[in-house]
Amino acid sequence: MIVVNATVKTSRQDITALQEAIATMEAASRAEAGCRDYTFSVELNNPDVLRITEKWDNVEALQAHFATPHMAAFQAALNTMPSPSMDLKFYDVVEIQPFQ
């Protein structure tokens with residue numbers, strides 16, 4: 001499984017302005033083949049930070065996601081913000097059961 005953790009540092013006003021684009025991106029991404037989860041969240045203690053957590057079956061599913069029209073539309077919406085700082089991390093993980 002591929003896990004993506006992204007952090008976007010911007011402003012709460014920009015995050016509010018992105019809400020429609022975020023909702024569209026989240027719903028469309030969750031409907032994609034190979035998507036196990038796609039979630040946006042705002043840090044409670046720092047509302048200027050938007051987090052994106054994604055889980056994909058494999059690299060191929062993630063690569064297909066990058067080529068979707070909703071990804072292009074979301075990137076265009078992000079590019080309207082003054083200068084967000086974005087940090088992306090990609091992990092290839094094995095899911096385990098928690099200790100009982």
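In which strand does Leu88 lie? Leu88 lies in strand β4. The model is predicted: local features need pLDDT of at least 70, side-chain atom pairs count only at pLDDT 80 or more, and totals for chains, interfaces and linings use all residues. Residues are numbered from 1 along each chain as its sequence is written, and side-chain values use heavy atoms, with hydrogens and water left out.

The protein chain holds four helices and four strands. Both kinds of element are DSSP runs numbered from the N terminus (helices: H or I, at least four residues; strands: E, at least two). Their order from the N terminus is β-α-α-β-β-α-α-β. The C-alpha trace spans about 40 × 35 × 20 Å along its principal axes.

Of the 100 residues, 36% count as buried. Buried means under 20% relative accessible area, exposed over 50%, and partly exposed in between (1.4 Å probe, protein chains only). The protein chain exposes about 6400 Å², of which carbon and sulfur atoms supply 54%. Areas come from the Shrake-Rupley method with a 1.4 Å probe; for residues, only the protein chains shown count as cover. Contacts (heavy atoms within 4.5 Å) were also counted. Among those between residues at least 6 apart in sequence, 68% join residues at least 24 apart.

Strands β2 (residues 35-42) and β3 (residues 49-56) run antiparallel and are joined by seven bridges. Strands pair if DSSP finds at least two bridges between them. The two form a hairpin, with six residues between them. Thr39 stands opposite Thr53 in β3. Leu50 also lies in β3. At 1% relative accessibility, Leu50 counts as buried. Not counting residues up to four places away in sequence, Leu50 touches Ala6, Thr7, Val8, Ile15, Ile22, Phe40, Ser41 and Val42. Asp37 is 13 residues from Leu50 along the chain, and their C-alpha atoms are separated by 16 Å.

Leu88, by contrast, is partly exposed, with a relative accessible area of 42%. Phe66, Met86, Leu88 and Phe90 form a nonpolar surface patch with about 370 Å² of accessible area together. Strand β4 (residues 85-92) gives the most to this patch, with three residues. Patch residues have over 30% relative accessible area and no salt bridge; nonpolar side chains (Val, Leu, Ile, Met, Phe, Trp, Tyr) are joined within 5 Å, like charges within 9 Å. A salt bridge is a side-chain nitrogen of Lys or Arg within 4 Å of a carboxyl oxygen of Asp or Glu.
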